[in-house]
Amino acid sequence: MVAASRLPVDQTEGPDGETEWRASPGGLVTALEPVMRAAEGAWIGWPGAAGEPPEPFDSNGMHLVSVGLSEEEVADYYEGFCNGTLWPLYHDVIAPPEFRRPWWEAYVRVNRRYAEVVATEAARGATVWVHDYQLQLVPGMVRELRADVRIGHFTHIPFPGYEIFAQLPWRRQIVRGLLGADLLGFQRQSDATNFLRACRRTAGLATRGSLVRVPDAGYDDPPADSAGRGFRRQRVAEDLASGRDVRAAAFPISIDSAAIEEIAKSPEVQARAQQIREALGKPETVLLGIDRLDYTKGILHRLNAYGEILEEGRLGPPAAVLVQIASPSRERVESYRHLRDEVEVTVGRINGDYGEVGNPPIHYLHQSYPKDELVAYYLAADVMLVTPLRDGMNLVAKEYVASRYDETGALILSEFTGAADELHAAFIINPHDIDGLKDTIVRAATVSPAEARRRMRSMRRRVLEHDVAYWAKTYLDALSKVPVRYPPAADPVG
Ligand code: F6P
């Protein structure tokens, strides 16, 4: 059973205004579909709009169970606590997180609703895989309701350093919620290490390597006036005698690399890539950014660096153009609205300053596109710009690599992404270092074909071997090795 923020289908309106469901082609769904089908699995999630949830239904061999959110819960839980508190906090406070008690209460309420659905729907001895920052309390809540199930949790975004995490007024509840799981997956080793430190500091728990010892008898919080150290020393000996180990480790997520490569090889997509280059005026160099319009993605840093490159005449139209696709996201959250204004003013300023009729230096598209169209853009691009200030993984970087089956193209990649831990042959940059970023953009745009090929070949080896199926298998294998302490036959459900 999977519990995730969203269902793997999108609600659309049919020709007569009736509700229709379309499979959303995300990597997570692709990876889990075969596993879920074989296990007759269920997927628990929010359909994406406020209101009464639809009745459970089957789609693509999966049983889908909706969790409904009211208008107020969309505002307080989804836009509020998830995307106004946790998202900025976990991404290094790039935007200031807001700590509001009603938002926290909504988060607890919605997490409980998910946990209750899981507890009702899960078969005896089931494996329950909970996803991401929206559902961090669910593992603990499910464990209280159903001691027989195996519980995994995977955090798709970064887990912050303790000094940042410590700002959260509800940090202890979050740590306890996650520790309800048997296995906690993170994108990078540094995320797992940050979490282990949070366990020591907020809950006074003992850790050994990747394991946290959670005492059977429950555990008190460390006294509020201590950093937890003396308290921890005194308790470690007692805890080691009983309790269970929770493992926190890195399982870097990936994409369906073979599927992306297949799309890239299709004649229609290749023709479309050609058309895109022609529409851009057949420049020598196409630079490309594709991101959700989010302040974590470093879109402004990239635009400003490109603006200075144009000013200095190092690159520019008609020989080089930048295409920036920014897909709309979380548009009712204030910081996202503000970012959109800033990006659009910046694009307008740069095009105004350095453009000519028919030759804008930046082509800006605030739209969402289907996968085939995105792959056509990947094929059309000589240089891919991935410049986040912080990103759990960044799958766009991996998709670009997977689509470049002829081993051409250059990837510029921020060191603050999970992908940078794997794609060492990319042009690695620090997006805050504008001079370094400018030099790297120019270097990537003028790299020799031999060097480009050497780099791309190395990255492709990694992305093709470590695809999303490898990720899901590695994680589920590790979860299956967790000893079940309450055998299914014990009938804990009653
Ligand atoms: O990367 C985290 C994540 O929650 C993804 O799971 C999701 O695709 C993306 O951010 C967009 O999130 P939302 O559900 O808020 O549109």
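Q: What should I know about the model before I start?
A: It's predicted, so local features need pLDDT of at least 70 and side-chain atom pairs count only at pLDDT 80 or more, while totals for chains, interfaces and linings use all residues. Residues are numbered from 1 along each chain as its sequence is written, and side-chain values use heavy atoms, leaving out hydrogens and water.

Q: Which residues of helix α9 are buried?
A: Buried means under 20% relative accessible area (1.4 Å probe, protein chains only). Helices are DSSP runs of H or I, at least four residues, numbered from the N terminus. In α9 (residues 257–265), the buried ones are Ser-257, Ile-260, Glu-261 and Ala-264.

Q: Why do they line one face of the helix?
A: An α-helix has 3.6 residues a turn, so residues three or four places apart point the same way. Down the axis of α9, the buried residues fall within an arc of 100° (taken from the directions from the helix axis to the C-beta atoms), so they line one face.

Q: What do the buried residues of α9 pack against?
A: Contact means heavy atoms within 4.5 Å. Here the partners are α10 (267–279), α13 (371–380), α14 (395–403) and α16 (449–465).

Q: Which residues surround the ligand?
A: A residue is near if one of its heavy atoms lies within 4 Å. Among them are Arg-6, Tyr-78, Trp-87, Asp-132 and Arg-330. Helix α2 (residues 71–90) gives the largest share of the shell, three residues.

Q: How far is a polar side-chain atom of Tyr-78 from a ligand oxygen?
A: Polar contacts pair N or O atoms within 3.5 Å; for Tyr-78 the distance is 2.5 Å, and for Arg-330 it's 2.8 Å.

Key. Buried < 20%, exposed > 50% of the residue type's maximum accessible area, 1.4 Å probe, protein only. Helix = DSSP H or I, 4+ residues; strand = E, 2+ residues; numbered from the N terminus. Polar contact = N/O pair within 3.5 Å; in protein donor to acceptor, adjacent residues only side chain to side chain.
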